[in-house]
Amino acid sequence: MQRRELFRLGTLTGIAAVSASLPARAMPCRKDWGLSAIHLTALNLKPEDLAIQAHRAGYSAIGIRINPISKGSVAYPYKAGSAEIKAFKNLLNDLGMRVQGVDGFALNSFTDPMQFQAIFDTCGELGIKSLCICGDAPDKEKFANMFGKLCDMAAPYGFRIDLEFMAWRTIGTLEQAYELVKMADRKNGTIAVDSLHLYRSGGTAADIDKVPARFLGDIHLCDAVRTPPIDMKLIQILQVVKRSLKAQKRSRHFS
């Protein structure tokens with residue numbers, strides 16, 4: 001499968017090196033492998049500037065952050081039908097670029113998907129391929145139901161919902177993400193595999209072969225150091241504390 005092959009070739013240097021302060025350099029890439037520069041690579045750049053710099057560096061697409069992943073964090077929202085989004089689409093067309101996906105969604109079992117309807121309208125107008133979420137699942141069944149509703153909302157617009165696992169969250173491994181997308185059982189419900197999070201959570205490229213191709217979404221190639229800056233034991237403790245706090249919150253809510 002191409003995604004698996006691309007992941008194994010993820011030792012390409014400078015795969016995330018889009019920066020306004022660095023000279024642009026074209027990258028060799030197979031024509032059937034479209035590389036997208038994710039916004040976190042240069043979050044200080046507005047989407048328009050990111051598109052220009054990514055184009056100069058040889059990418060065919062970008063990922064943008066249109067929703068703040070936490071309160072007060074950087075995001076560049078667009079409103080469907082606005083003059084701003086039309087101008088952005090015109091720029092993309094002139095450059096021969098596209099928006100592969102959007103991110104900036106840290107969700108949990110109790111998230112109400114309907115709060116993102118306006119964002120989905122924007123995503124539909126941009127013609128994205130995937131919307132990437134991460135999060136915590138104190139209640140697996142409720143999270144799977146919530147994830148399924150997101151997929152149902154995305155289906156009319158033609159994009160996927162990619163669930164990305166991160167070692168410090170309760171959805172911290174490829175196996176945990178796979179379990180949840182299987183529970184949701186939606187054709188457009190897939191997993192985003194980031195090389196950093198895969199290796200830091202104790203996984204390897206071989207683990208991807210255990211996941212059916214239909215459950216694999218975007219592959220993120222990250223050139224960060226492989227050794228995590230935080231000890232895994234501390235991450236596991238944090239996960240336990242998070243689950244405990246969630247349980248206490250639910251208990252107060254129903255008492």
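The model described here is a predicted one. Strand S6 covers residues 189–194, and because six of its six residues are buried, the strand is largely enclosed by the rest of the structure. Gly189, Ile191 and Val193 point one way from S6, while Thr190, Ala192 and Asp194 point the other way, and all of these residues are buried.

On strand S4 (residues 130–135), the pairing with strand S5 (residues 160–164) is again parallel and runs over four bridges, with Cys132 placed opposite Asp162 in S5. Strand S3 (residues 98–107) also pairs with S4 in the parallel sense, over five bridges, and here Val102 stands opposite Leu131 in S4. S4 is mostly covered, with six of its six residues buried: Ser130, Cys132 and Cys134 lie on one side and Leu131, Ile133 and Gly135 on the other.

## The sheet and the overall fold

Seven strands form an open sheet in the order S1-S2-S3-S4-S5-S6-S7, with parallel pairing. Strand S1 (36–37) and strand S7 (216–220) stand at the edges, and each has a single partner strand, so one side of each is left without a neighbour in the sheet. Strands of a sheet pair through backbone hydrogen bonds, in either a parallel or an antiparallel sense.

The secondary structure of the protein as a whole comes to eight helices and seven strands. Buried residues make up 46% of the 255 residues, and the accessible surface comes to about 13,200 Å², of which 55% belongs to carbon and sulfur atoms. Of the contacts in the protein with a separation of 6 or more, 81% are accounted for by residues 24 or more positions apart.

Gly101 is found in strand S3 and counts as buried, because its relative accessible area is 9%. Leaving aside neighbours within four places in sequence, Gly101 is in contact with Ile62, Gly63, Ile64, Ile128 and Ser130. Gly101 and Lys129 are 28 residues apart in sequence, and their C-alpha atoms are 5.6 Å apart in space.

Asp185 has its place in the loop between helix H6 (174–184) and S6, and it is exposed, with a relative accessible area of 55%. The phi angle of Asp185 is near 55°, which is a positive value in a residue other than glycine. Most residues other than glycine have a negative phi.

## Salt bridges

The structure holds seven salt bridges. In one of them, the side chains of Asp136 and Arg169 meet at 3.3 Å, N to O; this pair links distant parts of the chain, with Asp136 in the loop between S4 and helix H5 (140–154) and Arg169 in the loop between S5 and H6, 33 residues apart. Both Asp136 and Arg169 are buried. A further salt bridge brings together the side chains of Arg160 and Asp218 at 2.9 Å, N to O. Arg160 lies in strand S5 and Asp218 in strand S7, so the pair ties together parts that are 58 residues apart in sequence, and both residues are buried.

The side chains of Lys210 and Asp207 also meet in a salt bridge, at 3.2 Å, N to O; in this pair Lys210 is exposed, with a relative accessible area of 60%, whereas Asp207 is buried, with a relative accessible area of 12%. Elsewhere, salt bridges that share partners join Arg160, Asp162 and Asp218 into one network.

## Cysteines

A search of the whole structure finds zero disulfides. For Cys134, the closest cysteine sulfur is in Cys132, and because the two sulfurs are 7.0 Å apart, they are too far from each other for a bond. Cys134 is buried, with a relative accessible area of 2%, and Cys151 is likewise buried, with a relative accessible area of 0%.

## A nonpolar surface patch

Ile237, Val241 and Leu245 form a nonpolar patch on the surface, and together they have about 270 Å² of accessible area. Ile237 is found in helix H8 (residues 232–254) and counts as exposed because its relative accessibility is 52%.

Definitions and conventions: Residues are numbered from 1 along each chain as its sequence is written. This is a predicted model: local features need pLDDT of at least 70, side-chain atom pairs count only at pLDDT 80 or more; totals for chains, interfaces and linings use all residues. Side-chain values use heavy atoms; hydrogens and water are left out. Patches are made of residues with over 30% relative accessible area and no salt bridge: like charges are joined within 9 Å, nonpolar side chains (Val, Leu, Ile, Met, Phe, Trp, Tyr) within 5 Å. Accessible areas come from the Shrake-Rupley method with a 1.4 Å probe; for residues, only the protein chains shown count as cover. A salt bridge is a side-chain nitrogen of Lys or Arg within 4 Å of a carboxyl oxygen of Asp or Glu. Helices (H or I, at least four residues) and strands (E, at least two) are DSSP runs, numbered from the N terminus. Buried means under 20% relative accessible area, exposed over 50%, partly exposed in between (1.4 Å probe, protein chains only). Contact means heavy atoms within 4.5 Å. A disulfide is a pair of cysteine sulfur atoms within 2.5 Å. Two strands pair if DSSP finds at least two bridges between them.
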